[in-house]
Amino acid sequence: LCPTSTCRDDDWKGCRKVYGNYMITLEDYFEITEQHLEEELEEYCDYCKQCNYFYKFFNATCQYYSECEAYKNVCYDNDGDDGAEQI
């Protein structure tokens, strides 16, 4: 808490009435966080798809092969589709 000897309501030492205001709204924060997590998951799925391809066809493992153990559980839906768009 603020020490009364050095803290006043009109000072920027952490005791102002606006203390705790955010630069963005929580709604924007949650939306940005959700977008980031979706992008991170997409990158994980793309990496593991490529990693599994090299393992299957060339018997080669990629650097983070062990991180892809949950790939099929995480990246595939119930129909066995990896969610990648077909061109």
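A nonpolar core is a set of buried Ala, Val, Leu, Ile, Met, Phe, Trp, Tyr and Cys residues joined through side-chain atoms within 4.5 Å, where buried means under 20% relative accessible area, exposed means over 50%, and partly exposed lies in between (1.4 Å probe, protein chains only). The model shown here is predicted, and for that reason local features need pLDDT of at least 70 and side-chain atom pairs count only at pLDDT 80 or more, while totals for chains, interfaces and linings use all residues. Residues are numbered from 1 along each chain as its sequence is written, and side-chain values use heavy atoms, with hydrogens and water left out.

The largest nonpolar core has six residues in all, namely C45, C48, C51, C68, Y71 and C75. Helix α1 (26-58) and helix α2 (71-75) each supply at least two residues of this core, and α1 gives the most, with three residues; helices here are DSSP runs (H or I, at least four residues) numbered from the N terminus.

The structure also holds three disulfides, a disulfide being counted when a pair of cysteine sulfur atoms lies within 2.5 Å. A disulfide is a covalent bond between the sulfur atoms of two cysteines.

One of them is formed by C45 and C75, whose sulfur atoms are 2.0 Å apart; this pair links distant parts of the chain, since C45 stands in helix α1 and C75 in helix α2, 30 residues apart. Both C45 and C75 are buried, and the torsion about their S-S bond is about -90 degrees, so the disulfide is left-handed. Not counting residues up to four places away in sequence, C45 touches Y71 and C75, where contact means heavy atoms within 4.5 Å.

Another disulfide joins C48 to C68, with an S to S distance of 2.1 Å, and it links C48 in helix α1 with C68 in the loop between α1 and α2, 20 residues apart. C48 counts as buried because its relative accessibility is 0%, and C68 is buried with a relative accessible area of 6%.

A further disulfide joins C51 to C62 (S to S 1.7 Å), linking C51 in helix α1 to C62 in the loop between α1 and α2, eleven residues apart. Here the two partners can be described separately: C51 counts as buried at 2% relative accessibility, whereas C62, at 23%, counts as partly exposed.

Turning to the surface, F30 lies in helix α1 and counts as exposed because its relative accessibility is 51%.
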